[in-house]
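Me: I have a structure open on my screen and would like to learn how to read it. Could you take me through it feature by feature?

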Amino acid sequence: MRLNPVLTGMRPYPFLALDKARQRAHDRGLILIDFSVGDPHEPTDAAIRQALIDAVEERSTYPKATGLPELKEAIAAWLARRYGVQLEPRREIMPTLGSKEAVFSLPFIALDKSSGKDTVVICEPCYPIYERAALLAGARVLKLPLRDENRFLPDFSELPDPEWERVGIVWVNYPNNPTAALASLDFYESLTRLAVERDFLIASDEAYSEIYFGAPPVSALQSHDRSRICVFNTQSKRSSMTGYRSGWLAAPAELVQGYNFWRPLAGVAVPEFIQRATIRALAQEEHVVRMRAAYAAKRELFLELFSDRGVEVVGKEATFYLWCRVPGEQTAEAFAARLLEQGVVVAPGSFFGASGEGYFRLALVPTLVECQRAVEILAEVL
Ligand SMILES: Cc1ncc(COP(=O)(O)O)c(C=O)c1O
């Protein structure tokens, strides 16, 4: 059978390879503690679960792809409280089926290749979807490295002048997966000026905005000019709701309209009971405060261990990831394989792009007790 060669030509999603290694270790009877995937194990707050149950109706009809007005209002109210920005709920906000769906769709909706704008810029190491979606949409991808010496911020001056003519979308992601780095408002302001000058859309993935350990991260939405900014966020990390598939985007009205055309075709409407549970989740911050405290406790355990063992933690500002330098001379994959033999699963940095080689990512998602056990194991092997 003939399949789309762009799809079949892609390296398998890196985490699938890890699944196989995990299964082999499991078959050998190893009990694994899994720090590889950013899937929170913290319980979803009881009030959110109850809101979901209460919203399940006797009859279940197709939800509208555009989302419930009440949820759009709840998102706008949250944005106003959190960042002091005012958006028009009906025109500038759209609930999405988790944020991955909307992140994936962006180049299909927002790139006009016929105008010569056929290029998507990504900063790597990064969440793999930005690149894969762009390639599947027939776009050209340019990569900018995120380097330790630049606090894992991209240096846009590395892109030669003629390239900018072709750039339609620039992806940024802060708090950053996998490097745990933060961006300042100055960063977003100067990126906004560049976007106006070079005529591109800023796609700002802010999935981890609520997982932080110091001052709350800023949003690209706080820039002086929002006309070229699309922000993606999600309940997955903020409220430990990965299984609900509930995210949203905030963008100029024309782009939201583009999503309004696209999403009914792709069949990605959010079920209404999920939307109602999301309204409940956005109305309160207590569970998010508790969540941050839980991650902070786990983070402390590992920071202490790594500091004792001389493992350099190069990224720890925000998110529930620690981005660490692989000790010694081994590759990231070899190091991860060695830890897996001991029952501790981490993600090799190379999974997130070539610039991730030499690093590993630890997702602080297992329980505190599991983290304590992993620290004991690692204390033996590091
Ligand atoms: C950087 C980043 N963006 C987006 C997502 C997608 O999250 P979701 O689809 O659960 O909202 C993830 C998931 O891990 C992520 O790490």
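Reply: Let's begin with the ligand: the space it takes is the largest pocket. On a 1 Å grid over the protein atoms alone, a pocket is an open set of points with protein on both sides within 12 Å along at least five of seven lines. A molecule sits in a pocket if more than half of its atoms lie within 2 Å of the pocket's grid points. Before we go on, please note that this is a predicted model, in which local features need pLDDT of at least 70 and side-chain atom pairs count only at pLDDT 80 or more, while totals for chains, interfaces and linings use all residues. Residues are numbered from 1 along each chain as its sequence is written, and side-chain values use heavy atoms, with hydrogens and water left out.

Me: How many residues are around the ligand, and which come nearest?

Reply: A residue is near a molecule if one of its heavy atoms lies within 4 Å of it. Here there are 14 residues around the ligand, and Ser99, Asp205, Thr234, Ser236 and Arg245 come nearest. By type, the shell has 4 nonpolar, 6 polar and 4 charged residues. In this scheme Ala, Val, Leu, Ile, Met, Phe, Trp, Tyr, Cys and Pro are nonpolar, Asp, Glu, Lys and Arg are charged, and the others, Gly among them, are polar.

Me: How much of the ligand does the protein bury?

Reply: Taken alone, the ligand exposes 390 Å², and the protein buries 92% of that. Such areas come from the Shrake-Rupley method with a 1.4 Å probe; for residues, only the protein chains shown count as cover.

Me: Now for single residues. Is arginine 151 buried or exposed?

Reply: Buried means under 20% relative accessible area, exposed over 50%, and partly exposed in between (1.4 Å probe, protein chains only). Arginine 151 is exposed because its relative accessible area is 60%. Arginine 151 sits in the loop between strand S4 (140-145) and helix H8 (161-164). Its phi is near 50°, a positive value in a residue other than glycine.

Me: Where is threonine 319, and what is its phi?

Reply: Threonine 319 belongs to the loop between strand S9 (313-315) and strand S10 (321-325). Its phi is near 70°, again positive in a residue other than glycine. Threonine 319 counts as buried because its relative accessibility is 0%.

Me: Which peptide bonds are cis?

Reply: Check omega. The bond from tyrosine 174 to proline 175 is cis, with omega near -10°. Asparagine 177 and proline 178 are also joined by a cis peptide bond, with omega about 15°. Proline 175 lies in the loop between strand S5 (167-172) and helix H9 (185-198), and proline 178 is found in the loop between S5 and H9 too.

Me: What does the side chain of asparagine 176 reach?

Reply: It reaches the backbone oxygen of asparagine 173 at 2.9 Å. Asparagine 176 is in the loop between S5 and H9, and counts as buried at 2% relative accessibility.

Me: Which side chain does arginine 22 contact?

Reply: The side chain of arginine 22 makes a polar contact with that of aspartate 19, at 2.4 Å. Arginine 22 lies in helix H2 (residues 14-27) and is buried, with a relative accessible area of 12%.

Methods:
1 Å grid on protein atoms, 1.4 Å probe; cavity = no way out; pocket = protein on both sides within 12 Å on 5 of 7 lines; lining within 4 Å. Helix = DSSP H or I, 4+ residues; strand = E, 2+ residues; numbered from the N terminus. Polar contact = N/O pair within 3.5 Å; in protein donor to acceptor, adjacent residues only side chain to side chain.
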